[in-house]
Amino acid sequence: MESKTITGGLMDFLRRSPGCFHAVRNLSEMLDAAGFQRLRENDLWSLQAGERYYVTRNGSSLIAFRLPQEKPHRLRLTAAHTDSPTFKLKPGPALTDGGLTRLNVEQYGGAIRQSWLDRPLSVAGRVLVEEQGSLRQVLVAPDRDLLLIPSLAIHFTAPDSDAPSVQNNLLPVLTASGDPAILDELLRFCGVNPETVVGMDLYLTNRQKPRIWGLKNEFLSAPRLDDLACCYGTLEGFLESEAKQDALLYCAFDNEEVGSTSRQGAASTFLRDTLERLMDFWTLSADQRHAVLARSVLVSADNAHAFHPGYPSVADPVNRPKLNGGLVLKHQAAQKYTTDGATAALCRMLCKAHDIRLQEYTNHSDQRGGSTLGNLSNTQVSLRAMDIGLPQLAMHSAYETMGAEDAACLAAFSKAFFSDTLPEIQE
Ligand code: CO
């Protein structure tokens, strides 16, 4: 597909995905439109060879798969994450002081806090509504600016003052009405009757629109590029691929930003449980299962750091990804990035065969660097894996920046990975 079409599709996806629950709903709708059938973990599955399915867990993680006509030779998987750093609403009434009512929140993930200040915000997430003895999940994202976290005037800020405290300094202001019971009003804005709401997972969200900018329209800035850009790019490639001898799986996991160890995170049993059901459907013996898994490959797709000219000293002197320089292959000796010589070779061969621009990322040798999905998912199902991503600046800011052309590279790579003949890796 054209680079512009992919970038436009990504911008639309970002605009419609103010948080992980909406992202999974939008991914589900794209899968529905492509003829995938929805499965539920609570139900018994009756699968058919050659068919396409998806399943969600917690409404915030999703696994989609295409089954081959025969028993699979191997599995080909991609994984990205649906969550982004933000602040989560705590239960209970709001706090009122000096006539201003603020919501009680705590930080979710490693947000760049100052990027959340002095900009209009809203809430997004899900509420649980009680209906005749059962609980129904309702996604909410009011289409208006409702909150703001004001910074402290410069006149009160000493140069050596401590970083602001979330609990004391950074609670978002909702209203000047002075009423601590205002949360009900907020729920009405979300389109639900507060009397029926018995549970909620609501997060702050930045509603600033994605923008293309720069002298030659080189850049794309948006909230939640990490990692919705990879959720979208890997799905584009997955949707355009057919399962031949191999089973194809697309994964989007929640909770990467808080360590992935939740019931639906990359380190949970979600993938393993799904694979067990597939292995049973294929009636594979333990011997056959282990052989299939040993032949399988996982692409862990999470955004990468582009070189920032204002801070050259934090970058590796050689491996410095550029915006619009194409896909990034990540390496780390301690294997927080799962790439090794064999999977790096596989990645480079696919990129070469399809003229996909590829760059390499390593941490500066004195920097600890970040972690991502692949090594955590490997704690449940150990697979040969590589870590890739799209180059971006300002990772974990409320408004992040990438190259406008790079999204197409990930879609092309994902399609090549799912479609091409892969070499057997001999040890
Ligand atoms: Co990420």
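Residues are termed buried when their relative accessible area is under 20%, exposed when it is over 50% and partly exposed in between (1.4 Å probe, protein chains only). The model is predicted, so that local features need pLDDT of at least 70 and side-chain atom pairs count only at pLDDT 80 or more, while totals for chains, interfaces and linings use all residues. Residues are numbered from 1 along each chain as its sequence is written, and side-chain values use heavy atoms, with hydrogens and water left out.

The cobalt ion is coordinated at 2.0 to 2.7 Å by His81 (NE2), Asp226 (OD), Asp302 (OD) and Asp302 (OD), where donors are N, O and S atoms within 2.8 Å of the metal (3.2 Å for Na, K and Ca) and, water not being among the atoms, sites may look incomplete. Along the chain, these donors follow the spacing H-x144-D-x75-D. Because His81 lies in strand S4 (residues 75-81) and Asp226 in helix H5 (residues 225-239), the pair ties together parts that are 145 residues apart in sequence; helices (H or I, at least four residues) and strands (E, at least two) are DSSP runs, numbered from the N terminus. Both His81 and Asp226 are buried.

Asp226 is also joined to Asp227 by a cis peptide bond, with omega at about 15°, and Asp227 is likewise found in helix H5. In the loop between strand S14 (219-222) and H5, Arg224 has a positive phi of about 70° although it is not a glycine, and Arg224 counts as buried at 12% relative accessibility. Most residues other than glycine have a negative phi, and most peptide bonds are trans.
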